Every structure is written in structure tokens, then in C-alpha cells.
Amino acid sequence: MNTITSTNSFKTIDLVYCGLFSTLMMIGANITSFVPFLVIGGVPITLQTFFAILAGLVLGSRKGAIACTVYMLIGLAGAPVFSKFTGGFSAILFPTFGFIITFILCAYVAGRIVEHYKTKTSYIFAALIALVINYVLGTTWMYVAYKFWADAPEGFSYGMAWLWMLPPMPKDIILAIFAGIFGYRIQKILKILPIK
């Protein structure tokens with residue numbers, strides 16, 4: 001029986017996988033520019049969170065987090081890879097930049113869970129936990145940003161920040177569940193994570 005042993009070394013194939021997921025996140029950030037019908041009720045269906053979670057589920061905690069970090073650093077370096085084709089170091093001041101930071105943590109946490117539990121249920125659970133992290137930390141960052149350095153709307157509150165997050169929430173939950181199922185199937189084929 002073939003087993004895959006855990007290693008801390010970074011192989012060429014790992015660079016390819018990390019680069020692939022970084023690229024998928026770049027495309028996912030602006031998918032509505034290529035497929036305009038993915039705007040539903042005025043809400044664009046971006047796929048960044050989906051690919052961040054999938055990176056952790058498929059590549060594991062370390063490599064998944066690296067893929068998301070590479071995506072963030074490329075954007076901060078000036079490449080227009082964030083939503084609405086934005087980029088540059090000034091993106092740190094965007095109220096939504098917290099979501100970009102959480103992608104790294106989402107990938108790490110999702111990967112960490114499935115490194116220990118390898119059932120389809122655990123993959124879906126890991127994806128949903130990662131989504132909760134994305135929403136809680138990203139929304140909190142957005143609230144703080146609007147309160148301290150961005151132009152907040154009149155009467156802006158933490159509750160209002162969460163109201164803004166309600167429209168995309170159903171699609172993100174569905175995509176997270178899909179990421180769990182899809183990640184589980186990909187992992188069974190590629191066997192990137194160590195088999196214990």
C-alpha cells in the first residue's frame with residue numbers, strides 16, 4: 001500500500017499548486033467582470049472566499065496559507081488582483097481589506113482541521129468554520145475601518161455592518177459546503193495531504 005509521508009520541504013509541485021490557487025483567487029475576485037450574470041440582486045458573486053477555503057482543504061494548512069499570502073502580497077505590490085481590479089499598498093486602508101487578511105487564516109484553519117480528520121463531513125465542517133472566521137474578522141475589520149479612517153455612512157453601527165453582509169451570506173454558505181465536498185473529492189484523487 002502506498003503512503004504519502006509528511007515533509008516540510010517545498011517541492012516544485014507545491015509551488016505549482018500554490019501558484020494555481022493564487023491565480024484562482026485573482027480570477028475569483030473579479031469573476032463578474034468576465035461573467036456579468038453572476039451579479040444577483042446587485043450583489044457580485046466573488047469566489048475569493050471559496051478558493052481560499054479550497055486552498056486549505058486541498059493543500060493543507062501551511063501551503064494553503066502560503067497560496068493566500070502570495071495572492072495578498074501580489075495585490076499589495078500593485079498588481080490589480082483585488083476586487084474591482086484594485087491593487088497597491090493603499091489597499092490596506094480599504095474597509096474590506098480585512099477579508100483579504102482572513103483568507104490566509106481561513107485556508108490555515110480549514111487545512112488544519114482536515115489534516116486530522118479526513119471524512120467528507122469534516123471537510124464540510126472545516127469549510128463552514130473557515131467561513132465563520134472570514135465573516136466575523138472581516139466584518140469586524142470593516143466596522144473598525146469605517147469608524148476610524150474610512151467615511152462611514154450616517155448612523156453606522158456594528159449591526160449595520162452585519163446587515164451589509166446578509167445578502168452575500170447565503171451564496172457563501174452554499175459555496176463553502178460545495179468547497180468542502182469538492183475539496184474532499186480532489187484530495188482523494190490527488191492525495192496532497194499526508195495519509196495517516
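So, M72: you'll find this residue in helix α4. Keep in mind that we're looking at a predicted model. Is M72 buried or exposed? It's buried, because its relative accessible area comes out at 13%, and the cut-off for buried is under 20%.

Who does M72 touch, once we skip residues up to four places away in sequence? The partners are F82, F97, I100, I101 and I104. Take I100 from that set: along the chain, M72 and I100 are 28 residues apart, yet their C-alpha atoms are separated by 6.8 Å.

Okay, let's zoom out to the helices. For α4, residues 61-76, and α5, residues 97-116, the axes come within 7 Å and cross at roughly 165°. That angle is why we call α4 roughly antiparallel to α5. And the crossing, as α4 passes α5, is right-handed.

On the α4 side, the residues that meet α5 are S61, R62, G64, A65, C68, T69, Y71, our friend M72, and L76. Facing them from α5 are F97, I100, I101, F103, I104, A107, Y108, G111, R112 and E115. Sort that contact by class and you get twelve nonpolar, four polar and three charged residues.

Now over to a second pair, α6 and α7. Helix α6 covers residues 120-148 and helix α7 covers 158-165. Their axes sit 9 Å apart, and the packing angle is about 130°. So here α6 is oblique to α7. This crossing, with α6 passing α7, is right-handed.

Which residues make the contact? From α6 we have Y135, V136, T139, T140, M142, Y143 and Y146, and from α7 there's Y158, A161, W162, W164 and M165. By class, α6 with α7 gives ten nonpolar residues, two polar and no charged.

Last stop, a loop residue: N30. You'll see N30 in the loop between α1, which is 12-29, and α2, which is 31-34.

As for K84, its backbone nitrogen lies 2.7 Å from a polar atom of the N30 side chain.

Notes. Residues numbered from 1 in each chain as written. Predicted model: local features only at pLDDT ≥ 70, side-chain atom pairs only at ≥ 80, totals over all residues. Heavy atoms only, no water. Axes fitted to C-alpha atoms, helices over the stretch in contact; angles between N-to-C directions. Helix = DSSP H or I, 4+ residues; strand = E, 2+ residues; numbered from the N terminus. Parallel < 35°, antiparallel > 145°, perpendicular 65-115°, else oblique. Left-handed = near helix turned anticlockwise from the far one by under 90°. Contact = heavy atoms within 4.5 Å. Nonpolar A, V, L, I, M, F, W, Y, C, P; charged D, E, K, R; others polar. Polar contact = N/O pair within 3.5 Å; in protein donor to acceptor, adjacent residues only side chain to side chain. Buried < 20%, exposed > 50% of the residue type's maximum accessible area, 1.4 Å probe, protein only.
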